[in-house]
Amino acid sequence: MSVPLSILDLAPIAPGQTARDSFAASVALAQTAEKHGYQRVWYAEHHNMATIASSATSVLVGYIAAHTSTIRLGSGGVMLPNHAPLAIAEQFGTLETLYPGRIDLGLGRAPGSDQITMRAMRRDQASSDTFPQDVLELQGYLTGESRIPGVQAVPGAGTNVPLYILGSSMFGARLAAALGLPYAFAVALRAGCAARGGSRVSRRVHAVGAAVGSVRDRRRERDRRRGR
Amino acid sequence: MIAGANVIAAEDGDDAREQFATIRRRRVRGMISRGPSTPDYTDEDIDYFLTTLEGRGIADMMRYSAVGTPTEVADFLDDFAASARADELIVAHQSPAITDRLRSVELTADSMAGADV
């Protein structure tokens with residue numbers, strides 16, 4: 001039995017085409033994926049790129065959800081340093097309320113983009129520094145156990161949208177493990193980064209796989225001992 | 001753990017590899033562009049760039065992709081999933097044209113499910 005498959009839709013705007021064309025293609029892709037047994041389709045978040053249409057990820061997820069029935073949909077990933085955790089909780093709480101049981105929230109740490117785009121997003125280099133705390137704050141809103149007294153996400157509280165940490169390094173893997181969250185490892189998918197060779201990529205894949213595997217094995221062993 | 005990979009599956013392996021070459025050139029062109037003042041690089045310029053030290057990193061990155069017939073793609077993905085100890089694979093179908101991309105989606109799923117494609 002082969003491993004389950006999901007899809008990352010990069011929502012490309014092909015040469016000579018428009019964002020609207022890209023969205024039509026994304027609908028077709030999600031419907032085809034649903035028909036062929038894929039688990040989920042995720043959409044990334046890229047700003048200020050003429051060749052990518054998915055900048056408003058939650059809006060796109062909602063549009064695709066309305067044109068499909070059962071396939072899970074989500075972000076791969078929302079770049080949390082670009083947003084207030086409360087706003088993301090509200091957006092994905094709204095999605096989960098409208099399409100219950102179908103929404104994933106994959107979270108990335110890289111604010112991405114260059115300086116001018118970062119400033120246009122009202123962010124700076126330091127925004128990624130609080131990623132772990134921001135994930136916890138977001139998790140609080142979605143579980144209904146807000147870490148910020150007096151503040152809740154509506155909709156959002158109690159929706160328990162599943163969170164995934166996205167990354168391409170040991171840092172991300174360790175953070176996911178520390179938070180008890182699943183890890184989506186995408187070093188082979190990263191565009192625009194200066195990878196220095198296929199063999200180094202594959203060594204990193206093995207290393208992260210082994211690390212995640214061993215953390216997961218230790219956690220399962222601990223849970224087994226605790227009778228869970 | 002979900003591991004990500006690029007995929008281009010087509011009935012004809014050479015067709016898949018040609019699609020890969022196209023998308024790689026497009027990706028490189030996008031990366032080295034600096035706005036409206038960027039010169040118009042020809043395909044030959046891009047192909048040459050991919051052989052330089054600077055370009056080879058990009059070339060290698062995208063080489064970490066399952067490109068070929070449905071069987072070749074499924075073999076790559078199975079090996080990749082095993083070595084990454086992944087519970088699930090999230091694949092980006094990279095075919096430039098939407099019709100080819102949808103076909104890649106179908107062929108990959110069918111091949112991974114063990115169907116004769």
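## A serine in chain B

In this predicted model, S95(B) makes contact (heavy atoms within 4.5 Å) with I8(B), Q19(B), D100(B), R101(B) and S104(B), once its neighbours within four places in sequence are set aside. One of these partners, Q19(B), is also joined to S95(B) through their side chains by a polar contact of 2.6 Å. Such a contact is a pair of N or O atoms within 3.5 Å, one able to donate a hydrogen and the other to accept it; residues adjacent in sequence count only if both atoms are side-chain atoms.

To find S95(B), look in the loop that runs between β3 (88-93) and α5 (98-112) of chain B. S95(B) has a relative accessible area of 1%, which makes this serine buried (under 20%; exposed means over 50%, and partly exposed lies in between, with a 1.4 Å probe and protein chains only).

## How to read the model

Residues are numbered from 1 along each chain as its sequence is written, and chains are lettered from A and ligands numbered from 1 in the order of writing. Local features need pLDDT of at least 70 and side-chain atom pairs pLDDT 80 or more, while totals for chains, interfaces and linings use all residues; side-chain values rest on heavy atoms, without hydrogens or water.

## The two chains

Chain A holds 7 helices and 6 strands, taken as DSSP runs (helices H or I, at least four residues; strands E, at least two). Read from the N terminus, chain A goes β-α-β-α-β-α-β-α-α-β-α-β-α. Of its 228 residues, 48% are buried. For chain A contacts between residues at least 6 apart in sequence, 66% link residues at least 24 apart. Its accessible surface (Shrake-Rupley, 1.4 Å probe) is about 10900 Å², and carbon and sulfur atoms account for 53% of that.

Chain B has 5 helices and 3 strands, in the order β-α-α-α-β-α-β-α from the N terminus. Here 54% of the 117 residues are buried, and 67% of the contacts between residues at least 6 apart in sequence join residues at least 24 apart. Chain B exposes about 5400 Å², with 49% supplied by carbon and sulfur atoms.

## Two packed helices

In chain A, helix α2 (residues 57-66) packs against helix α3 (residues 85-98) at an angle of about 5°, and their axes are 10 Å apart. The two helices α2(A) and α3(A) are therefore roughly parallel, a label for angles under 35 degrees.

On the α2(A) side, the meeting residues are S58(A), V61(A) and G62(A); on the α3(A) side, they are Q91(A), F92(A) and L95(A).

## Backbone details in chain A

Two cis peptide bonds are worth a look. One joins G76(A) and G77(A), with omega about -5°, and G77(A) sits in strand β3 (residues 72-79). Another joins V154(A) and P155(A), with omega about -5°; P155(A) lies in the loop between α5 (131-143) and β5 (163-167).

That loop between α5 and β5 also holds N160(A), a non-glycine residue with a positive phi of about 50°. N160(A) is partly exposed, at 47% relative accessible area. A11(A) has a positive phi of about 50° too, though not a glycine. A11(A) is placed in the loop between β1 (5-9) and α1 (19-35), and counts as buried at 0% relative accessibility.

H46(A) belongs to the loop between β2 (40-43) and α2 of chain A, and is partly exposed at 29%. Beyond residues up to four places away in sequence, H46(A) touches I52(A), S54(A) and S55(A).

Technical notes: Axes fitted to C-alpha atoms, helices over the stretch in contact; angles between N-to-C directions. Parallel < 35°, antiparallel > 145°, perpendicular 65-115°, else oblique.
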